[in-house]
Structure formats: C-alpha cells, structure tokens
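Work through the exercises below with the model open beside you. Try each task before reading its solution.

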Amino acid sequence: KLLKLLDQVGLPQSYLYRSSQVLSLGEAQRVCLARILALKPEVILLDEPTSALNIEAKIIIENCIKSLIEQGISIILVTHDKSQLKHSIHSGIILKEGKIIDRF
C-alpha cells in the first residue's frame with residue numbers, strides 16, 4: 001500500500017526509507033500528498049501547493065492533482081497561478097475579494 005502511494009505521487013520505492021531532512025521541497029510536497037492519500041479523502045484542500053517549487057517539481061505536482069481529480073477526488077486549489085488552474089483542473093471559478101469574476 002505504501003509503495004502504491006509513493007508511485008501515485010511520482011516517487012520511487014526508496015523514499016519509503018529516506019529521512020525527511022534530506023528531501024527537496026518538491027519531494028517533501030509529494031510525500032505530504034502521499035500521506036494525505038493514505039487517509040482516502042473525498043476532498044483535498046491545497047493552498048499554493050507549488051508556489052516555491054522548481055518547474056520540474058511543479059509539473060509533477062500538477063500532474064498528480066490532475067490524476068487525483070480523474071480518480072474522483074475533489075480538489076479545492078488555492079493559487080495565484082492561473083496557468084496552473086487551466087493545466088491541473090477541469091473546471092473552476094476565480095474569486096476576487098470574495099466575488100466570482102470568472103468561470104472555466
């Protein structure tokens with residue numbers, strides 16, 4: 001089960017035994033996501049999940065988000081990156097000062 005979770009977030013089996021102190025920020029983000037998935041949530045709230053990541057790690061997280069949505073998990077994604085929204089999710093709304101200003 002743990003190996004499947006690591007695979008789901010794009011990490012090799014060796015991460016099962018790796019110390020959290022040696023993980024990059026992107027790796028740590030994916031480990032956190034795997035831990036969340038272990039709880040079998042119906043909804044996941046992600047607040048700026050890629051804000052401090054390099055482009056490679058950002059793409060991996062975005063693809064993981066897309067995969068979770070395809071599996072039927074609802075994602076509430078808070079981001080300032082509009083391109084991330086269009087890449088990762090099927091539909092959404094954009095709020096400004098608590099008001100809907102766009103839908104897609």
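Ala, Val, Leu, Ile, Met, Phe, Trp, Tyr, Cys and Pro count as nonpolar, Asp, Glu, Lys and Arg as charged, and the others, Gly among them, as polar. Keep in mind that this is a predicted model.

**Exercise 1. Sort the residues that line the second largest pocket by class.**

Step 1. List the lining. Leu2, Leu5, Leu6, Tyr15, Leu16, Arg18, Ser20, Leu23, Val31, Ala34, Arg35 and Ala38 line the second largest pocket.

Step 2. Apply the classes. The lining has nine nonpolar, one polar and two charged residues.

Step 3. Trace the lining to helices. Helix H1 (2–8) and helix H2 each supply at least two residues. H2 gives the largest share, four residues.

**Exercise 2. Describe how helices H2 and H3 pack.**

Step 1. Recall the two quantities. Two packed helices are described by the angle between their axes and the distance between the axes.

Step 2. Read them off. The axes of H2 (residues 25–38) and H3 (residues 55–70) come within 9 Å and cross at roughly 15°. Angles under 35 degrees count as roughly parallel, so H2 is roughly parallel to H3.

Step 3. The crossing of H2 and H3 is left-handed.

Step 4. Name the contacts. From H2 come Gly26, Gln29, Arg30, Leu33 and Leu37; they meet Ala57, Ile60, Ile61, Cys64 and Leu68 of H3. By class, this contact holds seven nonpolar, two polar and one charged residues.

**Exercise 3. Characterise the largest pocket: its volume and its lining.**

Step 1. Start with volume. The largest pocket contains about 410 Å³ of space.

Step 2. Find the centre. The lining has 16 residues, and Leu77, Thr79, Leu85, Ile93 and Ile94 lie nearest the centre of the pocket.

Step 3. Assign elements. Strand S2 (74–78), helix H4 (82–88) and strand S3 (93–96) each supply at least two lining residues. The largest share, four residues, comes from S2.

Step 4. Sort by class. This lining has 10 nonpolar, four polar and two charged residues.

Note on methods:
Residues are numbered from 1 along each chain as its sequence is written. This is a predicted model: local features need pLDDT of at least 70, side-chain atom pairs count only at pLDDT 80 or more; totals for chains, interfaces and linings use all residues. Side-chain values use heavy atoms; hydrogens and water are left out. Axes are lines fitted to C-alpha atoms, for helices over the stretch in contact, and angles run from 0 to 180 degrees between N-to-C directions. Angles under 35 degrees count as roughly parallel, over 145 as roughly antiparallel, 65 to 115 as roughly perpendicular and the rest as oblique. A crossing is left-handed if the near helix is turned anticlockwise from the far one by less than a right angle, and right-handed if clockwise. Contact means heavy atoms within 4.5 Å. On a 1 Å grid over the protein atoms alone, a cavity is a set of points where a 1.4 Å probe fits but cannot get out, and a pocket is an open set with protein on both sides within 12 Å along at least five of seven lines; lining residues have an atom within 4 Å of a point. Grid points are joined across faces, edges and corners, and a volume is the space filled by probe spheres set on the points.
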